[in-house]
There are 2 protein chains.
Amino acid sequence: MNQMRVSTAHEAIMANAIRALTMDAVQAANSGHPGMPMGMADVAAVLFNRFMAIDPSAPRWADRDRFVLSAGHGSMLIYAINHMLGYADMGMDQIRAFRQMGSRTAGHPEYGHADGIEVTTGPLGQGIATAVGMALAERMQNARFGGDLVDHFTYVIAGDGCLMEGISQEAADLAGHWGLGRLIVLWDDNKITIDGSTTLSTSTDQKARFAASGWQVLSIDGHNTVEIADAIEAAREDPRPSLIACRTIIGFGAPNKQGTSATHGAPLGEAEIAAARKALGWTSPPFEIPEEAATAWRAVAKRGHAVRLAWEERLAASPRAGAFTGALAAPDAARLGDAISEYKARLSAEAPRLATRKASEMALEVVNATLPNMIGGSADLTGSNLTRTKGMTPVSRDSYGGDYIHYGIREHGMAAAMNGVALHGGFVAYGGTFLVFTDYCRPAIRLSALMGVPVTYVMTHDSIGLGEDGPTHQPVEHLASLRAMPNLNLFRPCDAVETAEAWALAATSAGTPSVLALSRQGLPTLRTTHSSENRVARGAYLLREADGTRDVTLIATGSEVEIAMKAADLLAAGGIRAAVVSAPCFELFAAQDAGYRAAVLGTAPRVGVEAAVEQGWDKLLGDNSAFVGMQGFGASAPIAALYQHFGITAEAVAAAARNLI
Amino acid sequence: MNQMRVSTAHEAIMANAIRALTMDAVQAANSGHPGMPMGMADVAAVLFNRFMAIDPSAPRWADRDRFVLSAGHGSMLIYAINHMLGYADMGMDQIRAFRQMGSRTAGHPEYGHADGIEVTTGPLGQGIATAVGMALAERMQNARFGGDLVDHFTYVIAGDGCLMEGISQEAADLAGHWGLGRLIVLWDDNKITIDGSTTLSTSTDQKARFAASGWQVLSIDGHNTVEIADAIEAAREDPRPSLIACRTIIGFGAPNKQGTSATHGAPLGEAEIAAARKALGWTSPPFEIPEEAATAWRAVAKRGHAVRLAWEERLAASPRAGAFTGALAAPDAARLGDAISEYKARLSAEAPRLATRKASEMALEVVNATLPNMIGGSADLTGSNLTRTKGMTPVSRDSYGGDYIHYGIREHGMAAAMNGVALHGGFVAYGGTFLVFTDYCRPAIRLSALMGVPVTYVMTHDSIGLGEDGPTHQPVEHLASLRAMPNLNLFRPCDAVETAEAWALAATSAGTPSVLALSRQGLPTLRTTHSSENRVARGAYLLREADGTRDVTLIATGSEVEIAMKAADLLAAGGIRAAVVSAPCFELFAAQDAGYRAAVLGTAPRVGVEAAVEQGWDKLLGDNSAFVGMQGFGASAPIAALYQHFGITAEAVAAAARNLI
């Protein structure tokens, strides 16, 4: 246990130091959110002073306690704390540069901008849902490596907004179901939202709600250090996840504005800051921390440092040290590449006809057998997404050693938990649902992309090709909407070989999340000549060269590559020389050099084919081009009727090509 | 009260008729979901037989009870019922054509495909959240027109999936907060999800959760007609919304498969259907309904017809008949157009510098003063979205006569509730949040578009122009991702005049929802010459003609039109003749004739300017073009620094133009 003997005498001044830095930084920036940091300063002071085990000199120490500021607008809370703890990259210059270009102190905490920020927060509810993934990963690592090496807590500060967002329910249910007793949520129960009193928009008894999902719930005065400490202690000891309702006054210390939404999202103003300094007995000038506070905060870091050194000794002595360190390292891309190459050779020889979702399952058999720390899952579509490979066992409160997660019908909670598992370290996470339901988890996918967390979204049933389920289940705009998102690789493989190549890239990606868009319907193997090269890594490539100088280039993705190949046959029969380009990943293709791109695309007219809206195809097509795809929403019918009805056929592609020439 | 004296003798056979049609239709289609309709058949039979007041001969009767199949995969339940009730468009030919091209019986219930389908469902949780909006609209209309004219119930069948989705919590909290006592949710508590037992993924006590949000909760055996009826009766009488946990056996009646996930989403197979027929004592051939069942179902329709006729008499006698009927009619576009035109004349003369969010508030003052049934709201960003106009009063359980909704921090629940309010009829709904948070409500926006429900999303803080809040709050891909969605008009007005024109279109749209993307920052009035024409209606137009033959066309939207205008000045100073096109709505521009489009775009090289990713611009730009915008996520800094940092400046636009010429 990372228990620490602590001094508790200085918590009032530790808290006021948070308040002072918050007021000063927000005032200097002339924008920001003072209310939450000032309201929760006492809670944060007690939490860090008595409980948190972190070492600012080793910010990535694996067994550190995790702190997640789910109410991310209160970013000055964590910046102030990390400054005073002595994080090397959080000098006072950063506090002074709050919300300025190039500073590490962005308006909301941004993962990767500064040490000690465990996750990007700000979009409400994401922090608590990501923390569930972190707390689960802790238990999963604990099951694998034991309490000597893995034994930490995950603390969350969440506001009313976090708890009003629906994702909080998905997270609460998962945490309760998984029995994540080391997850402790400190709810800033200040009864204020931006529009005014919480009574404007909610009547929910939050404590009863969390209790209904198997949480311990506690209520305290968030300005009483004894109550705060007792509650956190009780939370640490209870086997259930804990919600501590901390009754606070928003903007505590600002005598004329505290307790009102006026303190939430705007500077307090010079006069009110002066009044607050007086009320708090704070005599230091702006951006100065009195020695007593500085010493007290530094003591927290010192104790954490000692805890870490003890842990390092345990690690050094542990027979599992190598395995533990290995699990934290990047997945072995070379090893996976070899295994996938060998597997591709078999595929090319056998040339099976398979849905790419089935091909994904087969590729995953290789991935999961090669990489030791893969954690799979699905939002209750395991048999459709085909995400569970042989030998995988479910993760549950009784079996944290498992490696497959039944997320339930909770796409948003799943995506956020995947982010948390990945951010925690030790695992590579993937999870599945239908492509159309990327809409349900889009805010969490965006955070994967923004943070550069390389999780993999296994999104099956990727077009009208899913058939009878109809327009509500048929993605038409989702490929475009995902391609629009920065730092996200969307793979839409055309056959089993491309699917394997996509998995080789996704499972070993360093800083970019991946979406695999996979077919429900069977598709032929088109890559029948084996090559050890991962051609998907180029984003697009010439799948079939024209017989002589190209008259036209047909470009397609996924299930429509088969259609383009058939169209090329039709055109050849008429003496028209068509090349076929498979373009499984637009993002990787855009990253190739201009010469490669020009060679692939050629100078002949182009026809794009994708059972989706055209948006996003412009960089591949250009002016002298046509597009065969969807103009609007789909319909409910068997697949063959749908492709016919919407005119996505080899004949239509050939006609479009003839039209252009 | 729409109370009815009913016969209860035939409910077993009424329920078995649902089961038989479900089995037969799913088997014939060789796809579909028999489990839910068979499990909930008894509940549905009792609900319709004893309680529902609907008239299949007048499907849009305003005071009908609403029935929402939130578990939309069980679509055969509603198709079977509507067939037997005698809806004119739901003949047995439709049941036989379940899930076939062109039938009204899509895989999931599609609003507008057939009468008696109140809302498109299938994406889980949407139905219950939309129903909250319907039930609220009922109370709001009741407050305006009295119980003689408006006095109906909203019934929902929801499954475990609906309750696991986070949106269900947002919906539950809103319904409890608003005291929607006429909302009755029948939860198909069958303890089965696709992956298997619900114990795989949830431990939540759903009844305790709903009770925590102020609901009455009841538990019954979902196959016991007396318990079903008693519970619905109790739900109708209680002032709180009610959740009735109906313990059922999924696939009830299929002797070898019932109670398992095998019945959920696949045909039962001929042998199991034969066994089920035997077990249920069902001797009729496939697609035949015995007279006893047919008569019993028809009696429901007859009673509903009588209830409606009585209501029609009350309406005819009511002094509020005209107002009531008027509220249900389409909003008066001509009248609003005149009012907006008059307002535009003032704007053009005064030429204020305003954020378009502020301009939106001013336009809304005109809209809300002109159209009597506007219902506004915000997801807790009222003071930022500027969605509440003078004289608007909050809707609450004590004040259903209000017209402004504090949705709390629940973008998803807001969007679904807006859909429900609009589907109910009698109101035109709009609601606001930040543009970046369209991600949180995207599944509900998609349903607005798919159903053609003309709600308006007021999405402010529409680019890096929001400044210091940083990347989590700065949309860069959202304009593209929304433009990718079919049947959605995205308006990004450049000044107060365009904002007014956008509102004139959005507030009176017939079958297309609108998103208004509005700036946080101040923008000049560029349309200083008044014209009564609504130029935004053309989607894009020549804002400034070149001085002579065009050398280049600068195309911009929203806040970047000002930049394009300045770039045109810079170019003019260098002797280059630039035209400036404002393109506030790509969708409306695409709908113009080719001649208009060609005239606006011209033949000169083009430069696009938008503080967002380029995707979606191709149709406006073409090969000989450049784009000045964002390449990735934003940053946290003051606005001027951000535009400079990301190179979205008049100088950069002018340079790009010079480069092209």
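**Close-up views of a predicted two-chain model****View 1. Helix H4 of chain A against the sheet.** Helix H4 (residues 75-85) of chain A lies across strands S1 and S2 of chain A and runs at about 145° to S1(A). Contact here means heavy atoms within 4.5 Å. Angles run from 0 to 180 degrees between N-to-C directions, and axes are lines fitted to C-alpha atoms, for helices over the stretch in contact. Helices (H or I, at least four residues) and strands (E, at least two) are DSSP runs numbered from the N terminus. The model is predicted: local features need pLDDT of at least 70, side-chain atom pairs count only at pLDDT 80 or more, and totals for chains, interfaces and linings use all residues. Residues are numbered from 1 along each chain as its sequence is written, chains are lettered from A and ligands numbered from 1 in the order in which they are written, and side-chain values use heavy atoms, with hydrogens and water left out.

**View 1. The five-stranded sheet of chain A.** Five strands of chain A form an open sheet in the order S1-S2-S3-S7-S6, with parallel pairing. Strand S1 (66-69) and strand S6 (216-221) of chain A are the edge strands, each pairing on one side only. From one strand to the next, the twist averages 20°. S1(A) pairs in the parallel sense with strand S2 (residues 154-158) of chain A, over four bridges; two strands count as paired if DSSP finds at least two bridges between them. Phe67(A) has Tyr155(A) in S2(A) as its bridge partner. In general, strands of a sheet pair through backbone hydrogen bonds, either parallel or antiparallel.

View 2. Seven of the seven residues of strand S3 (residues 183-189) of chain B are buried, where buried means under 20% relative accessible area, exposed over 50% and partly exposed in between (1.4 Å probe, protein chains only). Leu183(B), Val185(B), Trp187(B) and Asp189(B) point one way from S3(B), while Ile184(B), Leu186(B) and Asp188(B) point the other way. S3(B) pairs in the parallel sense with strand S2 (residues 154-158) of chain B over five bridges, and Leu186(B) is the bridge partner of Ile157(B). Strand S7 (residues 242-247) of chain B also pairs with S3(B) in the parallel sense, over six bridges. Arg247(B) in S7(B) stands opposite Asp189(B).

**View 3. Helices H4 and H12 of chain B.** Helix H4 (residues 75-85) of chain B packs against helix H12 (residues 291-317) of chain B at an angle of about 75°, with the axes 8 Å apart. H4(B) and H12(B) are therefore roughly perpendicular; angles of 65 to 115 degrees count as such, those under 35 as roughly parallel, those over 145 as roughly antiparallel and the rest as oblique. From H4(B), Ile81(B), Met84(B) and Leu85(B) meet Trp297(B), Arg298(B), Val300(B) and Ala301(B) of H12(B). The residues of this contact of H4(B) with H12(B) comprise six nonpolar, no polar and one charged. Ala, Val, Leu, Ile, Met, Phe, Trp, Tyr, Cys and Pro count as nonpolar, Asp, Glu, Lys and Arg as charged, and the others, Gly among them, as polar.

View 4. An unreviewed UniProt entry gives the annotation "binding site" to His73(A), Gly122(A), Pro123(A), Leu124(A), Gly161(A), Asn190(A), His264(A) and Phe437(A). They are spread over 365 residues of sequence and, in space, up to 34.2 Å between C-alpha atoms. UniProt positions follow the numbering used here, feature names are shortened, and annotations may be inferred rather than shown by experiment. Gly122(A) lies in the loop between helix H5 (92-96) and helix H6 (126-145) of chain A and, at 4% relative accessibility, counts as buried. Leaving aside neighbours within four places in sequence, Gly122(A) is in contact with Ser70(A), Gly72(A), His108(A) and His473(B). Leu124(A) is found in the loop between H5 and H6 of chain A and is buried, with a relative accessible area of 18%. Among the residues that Leu124(A) touches, not counting those up to four places away in sequence, are His73(A), Gly161(A), Ile409(B) and Tyr440(B).

View 5. Another "binding site" annotation from an unreviewed UniProt entry covers residues including Arg357(A), Ser384(A), His461(A) and His473(A). Ser384(A) is in helix H16 (residues 382-385) of chain A and counts as buried at 19% relative accessibility. Apart from neighbours within four places in sequence, Ser384(A) is in contact with Arg357(A), Phe434(A), Thr460(A) and His461(A). His473(A), in the loop between strand S12 (456-460) and helix H19 (478-483) of chain A, is buried with a relative accessible area of 7%. Not counting residues up to four places away in sequence, His473(A) touches residues including Phe434(A), His461(A), His108(B), Gly122(B) and Pro123(B).
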